[in-house]
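Please read the points below with the structure open.

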Amino acid sequence: TEEDPMTIRRAGFYRRLGFCLNHFPYQQPPLKSGDEWKDLMVMSYGTEIEEEKFRAYQKEIYKTVYGVVSSNL
C-alpha cells in the first residue's frame, strides 16, 4: 500500500531521480498461476502522464508481456 514505509522510501528514491507519481490505479497481472493481481503505483520520468495515454501502454504491456487481452481496458 502507499502507506507502507518501504513503499514510501522506494517512491522517494525515484522522485529524487526525477520520476513523478501518476495518481491512477494500475494492477499487474499474476506472474504465475494461482497468484493474485497486484496493485502498483505507476511512476513516469520527468512529468506525469495522462491516464488515457497510459491505458494504451497498459494494453500493449498486458498483451506483450503477460499474454492478457482484456476488453475492460
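**Notes on the model**

1. The largest pocket is lined by 21 residues, and those nearest its centre are Thr7, Asp39, Leu40, Met41 and Val42. A pocket here is an open set of points on a 1 Å grid over the protein atoms alone, where a 1.4 Å probe fits, with protein on both sides within 12 Å along at least five of seven lines; lining residues have an atom within 4 Å of a point.

2. This is a predicted model: local features need pLDDT of at least 70 and side-chain atom pairs count only at pLDDT 80 or more, while totals for chains, interfaces and linings use all residues. Residues are numbered from 1 along each chain as its sequence is written, and side-chain values use heavy atoms, with hydrogens and water left out.

3. Strand 1 gives the most to the lining of the largest pocket, seven residues. Strands are DSSP runs of E with at least two residues, and helices are runs of H or I with at least four, numbered from the N terminus.

4. Asn22 is found in strand 1. Beyond its neighbours within four places in sequence, Asn22 is in contact (heavy atoms within 4.5 Å) with Val42, Met43, Ser44, Glu48 and Ile49.

5. In helix 1, the buried residues are Thr7, Ala11 and Gly12. They lie on the same side of helix 1, because they cover an arc of only 135° around the axis, taken from the directions from the helix axis to the C-beta atoms. Strand 2 is included in what covers them.

Key:
Buried < 20%, exposed > 50% of the residue type's maximum accessible area, 1.4 Å probe, protein only.
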